[in-house]
Amino acid sequence: MEFRSSRWYSGNDRNSYIHRAWMRRGLPQEAFEGGKPHIAIANTASDLTPCNSHLNEVAQSVMHGVWEAGGVPLNLPVVSLGETNVRPTAMLWRNLAAMATEEMLRANPIDGVVLLGGCDKTIPSLLMAAASVDLPALVVPGGPMLTGHFRGAPLGCGTDVWRLSEEVRAGTLSREAFFRSESSMIRSRGHCNTMGTASTMACMAEALGMTLPGTAGTPAPDSRLLERSHESGRLAVELVMEGRRPSQVMTRASFLNAIVTLAAVGGSTNAVVHLLAVAGRLGVQLDLDDFDHTGSGVPLLVDLQPAGRHLMDDLFRAGGLAAVLKEVEDLLDPAAITVTGRPLVEHLAGAEIWDEDVIRRRSAPLLPDAGIAVLRGNLAPGGAVIKPAAASPELLRHRGRAVVFDSVEDVYARLDSPDLDVDETSVLVLRGCGPKGYPGMPEVGNLPLPAKLLEKGVRDMVRISDARMSGTAYGTVVLHTAPEAAAGGPLSRVRTGDPIVLDVAARRLDVDVPDAELAAREPVMTGHARPVRGWERLYVEHVTQADRGADLDFLVGSGGDHVGRESH
């Protein structure tokens, strides 16, 4: 068969000479003779993305597998986004990372790609890029870290940061003890060990069929991750030889399987915007209501932080994702295939639950209905989402007086003031933090609680915003409210004192103000980003709303793997 890379390397003219000559740095002659597929390893390793810092070692194992299967492996560093470090938010650059990776895959002499990701935005951006180019591809997730302990108790990355920091503000934990816990939390290489966004997106990649089955959730330090990476390198060559592409794997059926998986594992609300964006690149019909219709009624089976007690290495030893999916196999579409060419459900044969304290049986779930709930109403005509599994049950139906903040800075300036007119029945409303408003839709939706309420023992309140929240966070938090305030959505017209009505069972989110009065109000547009140059300006001018995945409007749809014009 003729490989795409042959368009660069075959022939005897000046251009093919240049392409071959500059690549002869250890590659044998046979690498250019058309019989070996060239496999890029899209590598998000970076010291500034600490969760991905080990991926160079993973890449080496992938390379061994590619060579063994008769391919030519090529390391391709791509944009890496570290959730813990990048300001103002890594989400601002998810689309840039996807666009840059897409263009590098299309521009280079490659026939297939192995995608190495881990930290929150890296797997989504890689999947978006792969969907856009549609070259044979598969994902190797970098895996979660091992559990750290402090004072004999396990620490959940992110989740315990939020919990412990609130205890400091409440006066029940000293700052000295809080700081001492810092060196205990990050025990090893790997991404967060809770069912945060990184772990969720690894599970989503596997549920979509884009990993070697059984890989997602393998801890980063576990030698079996390198074994699976080797096998993934071999499979990448097979994908090219058989012409199996992401568009054949990630079908609508695959996305619906991912939504079932999201509910069963208690995954992050961030998966909603990421799955919508990936589907948009493929032209797959998927919308917010699919998350509610498909996810509702799916039981929560994984007892993991932030919705439960355990952590990712517990899930792995208890049977892993396959054991979870085996329990809900009847809810999965049997036609959806994986990168192996076989249906996802075929790979579940023989899966076992080894610890029912971590992975519950379908007959004894942690929650009977754990899907992401999609809310609509006059406050969210384009939709908003809430994760009931991480919320306080008594707050899922609530009416309270709005306390409105116009920006994150406004929150920190006023939240702990003794003069703030707020009580435990109030609803905290944050606006100006959507895709356009911040810009980039940061993870600030899980607002800290007012200090004077923490001191009274309050640990949860209804919070509403056009922002996102970390997948490691918890609470009765309504997110992704669309349209956002910066796009003129109703959130921009809410005033402090307005009655807010939340009814998750009815899927409603409303402000109890007459529609005519609400429409007549002047929208509050202060505190919004107004960039004048660079990526931020391009982003603000073209980003779609959260209910469409917050992608750039001109990147929706696939661009294909066409070979461009000659470079010399």
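## Helix 5 and its end

Just after helix 5, D134 takes a positive phi of about 65 degrees. The helix itself (helices being DSSP runs of H or I with at least four residues, numbered from the N terminus) covers residues 122–133. Its twelve residues reach 17 Å from first C-alpha to last, close to the 16 Å expected (1.5 Å times one less than the number of residues).

Twelve of the twelve residues are buried, so helix 5 is largely enclosed by the rest of the structure. Here buried means under 20% relative accessible area, exposed over 50%, and partly exposed in between, with a 1.4 Å probe and protein chains only.

## What we're looking at

This is a predicted model: local features need pLDDT of at least 70, side-chain atom pairs count only at pLDDT 80 or more, and totals for chains, interfaces and linings use all residues. Residues are numbered from 1 along each chain as its sequence is written, and side-chain values use heavy atoms, leaving out hydrogens and water.

## Q305 in its loop

Q305 sits in the loop between helix 13 (288–295) and helix 14 (312–317). With 9% relative accessibility, Q305 counts as buried. Leaving aside residues up to four places away in sequence, its contacts (heavy atoms within 4.5 Å) include G156, D160, M195 and H310.

## Aromatic pairs

Rings of Phe, Tyr and Trp (its six-membered ring) pair if their centres lie within 6.5 Å; planes under 30 degrees apart are stacked, over 60 edge-to-face, the rest tilted. That rule gives three aromatic pairs. Y9 and F32 go edge-to-face, at 5.0 Å centre to centre and 70 degrees between the planes. Y9 lies in helix 1 and F32 in the loop between helix 2 and strand 1, so the pair ties together parts 23 residues apart in sequence.

Definitions and conventions: Helix = DSSP H or I, 4+ residues; strand = E, 2+ residues; numbered from the N terminus.
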